[in-house]
Amino acid sequence: MKKRAVSIMLCAAMAASIASGCSSKSEAPAQSAAGGDKPYAGEKLTVLYMSSVYADAAKAIVDEFEEKTGATVEVVDFPYTTLHEKALLDLTSGTGSYDVIDVASQWDGEFAPYMTDLSSLIERDGFKTDEFIEKVFENSGMWQGTITGIPNASTPQLFAYRTDLLPDGIPDTWEEYRKVAAEQTKPDEGIYGISVSATTGQLGGVFDYVLWSMGGSWADEDWNITIDSPETRAALEHLKEIQNYADPAILSWGTEESIKAFLDGKAAICETWPTLGLVQAADDETQSKVAGKWALDVIPHDKTGVTLLSAWDLSIPASSKNQDLAWEWVKMYTSAENQNKFYEDYGILSPRKAFWEQDGIKGTYMDTVREALDTANIWWRIPASTEVDSMLNTVVSEYMSGQIELEEAVSKMQSGIESALDSAPPEEGTKNYNL
């Protein structure tokens, strides 16, 4: 078992801001000099985000941005389950409805042909890309040597747990994890070992981090499919077993339901993206029954230590008619000052290196989070990735709900990945580094 002294207060005292060569004040566009104090007066900017804290953070800086630029801003947001469809339809049609899109990193390769190469804007304004964590930037905003987005949020998959029930944190192996979950499961008392986001749209990601942690993968670096493996079977069997240690309704639970169960004191461990609501409420006694009794830890690492990465980058569609104004928004949203503010107000973890060196961050359990960002992985970022992810979500759900058996599940995964690669093969020379 791991033993970590951790702080449970995510909103710890931090420095008000960090010195940065890419703050919005030091990077005024060339157009500003000729256009006066408000060079974009009369223009309108439309930005697209995933609903929840990322969109909330965007709305929080609208007044500041409008005051600085003279433009008006509309923040449009959709849930994750529909955001991809909405964004892709606008990009492929060339409609130009959105000037900035917050892109989930797994969509980078698919969206890249429709996005603006930011290199000239970066060079023009001296924007310092080396201030971002290298691994995160490689996985979020950079595609085949071209910068199409600036990272604005990065979270490795973490588990929240009850410190009063699990004082040693999350176990190192999945076998130990299942044992602990079983010990904490007391249905007669309405308490379970695990709450997990296992609705069909999110179950694929759960399967992925278990698979990768066990040493499995979808394919090797040359796209030879490797899903038919002992690790895949072990990951599926693990997911089937943990249903015994979770509320019977978990297959219909998304992030909101999973987090609520944990905050209500009904689970010892919460498998979800904790920054999408949990950390913001967990120490608020009006919203949480676990205030002062929780912390975060990395997932069991079994063989590899690789966990799942959630990363987002702000990109400018080539169809946007407000390229310079859009770039001003990207700089402001990703500035060091606002990244700190977004952490304090919304629990969003910054991809900036300096963020992790501040008082209240460095030297706490957040060091573990930072280390995970150097190894955290996202699934494929080629166009086929969305089809494969959707297929895996469906197959894992069918298996966990008892509609299909183990070998049929593995067979459907194999054929599904083959079909996706056949219909949208990777560009020649593209390697799969997301193993």
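Asp313 lies in strand S11, which spans residues 309–315, in what is a predicted model. The residue is buried but forms no salt bridge. Its nearest side chain of opposite charge belongs to Arg381, at 5.8 Å, whereas a salt bridge requires a separation within 4 Å. A polar contact does link the side chain of Asp313 to that of Ser315, at 2.9 Å.

| Partner of Asp313 | Relation | Distance |
|---|---|---|
| Arg381 | nearest side chain of opposite charge, no salt bridge | 5.8 Å |
| Ser315 | polar contact between side chains | 2.9 Å |

Beyond its neighbours within four places in sequence, Asp313 is in contact with residues that include Ile101, Asp102, Val103, Ser105 and Asp108, as well as Ser140 and Gly141. Gly149, Ile150, Pro151 and Asn152 are also among its contacts. Pro151 is the bridge partner of Asp313 in S11. Strands S6 and S11 pair in the antiparallel sense over seven bridges. Eight of the eight residues of S6 (residues 149–156) are buried, so this strand is largely enclosed by the rest of the structure.

Helix H3 covers residues 62–69, and its buried residues are Val62, Phe65 and Thr69. These lie on the same side of H3 because they cover an arc of only 70 degrees around the axis. Asp63 and Glu67, on the other side of H3, are exposed. The buried residues of H3 pack against strands S1 (44–50) and S2 (72–78) and against helices H2 (53–60) and H13 (323–334). Just after H3, Gly70 adopts a positive phi of about 85 degrees.

Notes: Residues are numbered from 1 along each chain as its sequence is written. This is a predicted model: local features need pLDDT of at least 70, side-chain atom pairs count only at pLDDT 80 or more; totals for chains, interfaces and linings use all residues. Side-chain values use heavy atoms; hydrogens and water are left out. Helices (H or I, at least four residues) and strands (E, at least two) are DSSP runs, numbered from the N terminus. Buried means under 20% relative accessible area, exposed over 50%, partly exposed in between (1.4 Å probe, protein chains only). Lys and Arg count as positive and Asp and Glu as negative; His and the chain ends are not counted. A polar contact is a pair of N or O atoms within 3.5 Å; within protein, one must be able to donate a hydrogen and the other to accept it, and residues adjacent in sequence count only if both atoms are side-chain atoms. Contact means heavy atoms within 4.5 Å. The arc is that of the directions from the helix axis to the C-beta atoms. Two strands pair if DSSP finds at least two bridges between them.
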